[in-house]
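I opened this notebook to keep track of what I looked up, one entry at a time. Each entry takes up one part of the chain.

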Amino acid sequence: MTGLKDFTEPGTAHPQIGCPRCDARYPGGPVFRIFPHHRYVCTRHRYWIGPPDINRPGPDLDDFPEIVTAQRRHLRLLRRYGWAATYDAVLTGFMFCAHLWENALNVDLDPTNAPLGLVLKRAVWTMRTMIFIPPGTERETFTTAKLFAAVYPDAVNIAELIASPGYRALAAGDDGRLRLFCAAIGHRIGVPDYQPQDDLDPIGHWIAEDCWHDPSPPPTTFAAAPGHRRPSHLTKATTKAARDRHDNSVTWFARKRSPGNVLLHHRTVHPVLIREWSIRMEQFAGAIYQSQRTKLRFWTPAPEATEKRSHDFTGEKKRLST
Ligand SMILES: [Zn+2]
């Protein structure tokens, strides 16, 4: 699970602090390890260990067996579909959850019409977060890794469809096949009658623009260059840039408790937020905005006032033929 052999395994490579109970076996104290991309939980000790963050220990998961189970399901995906499809699918699942935790599918702007299943999922994510990061203690307890932990079971649940070539083919297929995909993903996001939208819908974006492409790979700057890693890199895993990013996140989170946005800004999800074929945006906020809209398959231009479209949900939407 850890150690040098992981350098040679494809799709690996974060130097990060590990599970403190595993580390207790080492007389020298906490050990920086190289974790593969698919290791988020120490299942032996039920401890959150990923993704790489500010190197504060992750939460203890004794009271969250569903998060530990999600790691086992994640490893089953890996055995079934390989690391590249699994890496892309789990990050895509995190990205969908992050958008859904904010205003995807218009949940916050129109709460009275929000699907109950999705509202309940969001409540569970928020409840876990309040236990991991009690309100008022953000300066001491916040890490973005804890927000990833809060949505991990649902991210893996979604990833089981995203990683599957069969479901990807349904998503890319004609309206009849797409309807089968929508029923399956809708069930997993708590929106049983889910219909793809051209705006505020990261799933609609993925169906229209991403699902037929190869999986997006990890960034290459560090992960694919084992020759550039030296042991000294591991002891300096918390750089000033990482510290600054963390400080920005904690300030933002303490002020707004806006967890989905913090997740979307974390570098872990960048490979699926800005894909090789994504429209290039000047600002990162623009890339986040683009990742939940599409002008392809589900776009029905309004006859006038097209510039108002971005937040206008009164216009007629294309629905799948029934
Ligand atoms: Zn452990």
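**Entry 1: two packed helices.** I began with the pair H2 and H6 in this predicted model, and I found their axes 9 Å apart and the helices packed at an angle of about 30 degrees. Those are the two values I wanted, because two packed helices are described by the angle between their axes and the distance between the axes. I then looked up the handedness and noted that H2 passes H6 in a left-handed crossing. Which residues meet where H2 and H6 are in contact? From H2 I listed Glu66, Ile67, Ala70, Arg73, His74 and Leu77, and from H6 I listed Ala149, Tyr152, Pro153, Val156, Ala159 and Glu160. Sorted by kind, the residues of this contact are eight nonpolar, one polar and three charged.

Entry 2: Next I turned to the loop between strand E4 (47-48) and helix H2 (65-81), where I located Pro59. Is Pro59 buried or exposed? I recorded Pro59 as buried, because it has 22 C-beta neighbours inside 10 Å and the cut-off for a buried residue is 20 or more. Leaving aside neighbours within four places in sequence, I found Pro59 in contact with Trp48, Phe132, Lys146 and Ala149.

**Entry 3: helix H11.** I checked the length of H11 (residues 240-256) and found that its 17 residues should span 24 Å at 1.5 Å a residue, which agrees with the 24 Å between its end C-alpha atoms. Which residues of H11 are buried? I noted Ser249, Val250 and Phe253. Seen down the axis of H11, these buried residues fall within an arc of 100 degrees, so they line one face of the helix. Among what covers the buried residues of H11 I wrote down helix H5 (138-141), helix H6 (144-162) and helix H12 (259-265). After H11 comes Arg257, with a positive phi near 45 degrees.

**Entry 4: positive phi in loops.** I looked up Arg46, which is not a glycine and yet has a positive phi, near 55 degrees; Arg46 lies in the loop between strand E3 (41-42) and E4. With 19 other C-beta atoms within 10 Å, Arg46 is partly exposed. Leu200, likewise not a glycine, has a positive phi of about 55 degrees, and I placed it in the loop between helix H8 (175-189) and helix H9 (202-210). Leu200 counts as buried, with 22 C-beta neighbours inside 10 Å.

**Entry 5: the whole chain.** Last, I stepped back and counted 14 helices and four strands in the chain. Of its 322 residues, 42% are buried. Among contacts with a separation of 6 or more, 68% come from residues 24 or more positions apart.

Notes. Residues numbered from 1 in each chain as written. Predicted model: local features only at pLDDT ≥ 70, side-chain atom pairs only at ≥ 80, totals over all residues. Buried ≥ 20, exposed ≤ 12 C-beta atoms within 10 Å, placed from the backbone. Contact = placed C-beta atoms within 7 Å. Expected span 1.5 Å × (residues − 1). Arc of directions from axis to C-beta. Axes fitted to C-alpha atoms, helices over the stretch in contact; angles between N-to-C directions. Left-handed = near helix turned anticlockwise from the far one by under 90°. Nonpolar A, V, L, I, M, F, W, Y, C, P; charged D, E, K, R; others polar.
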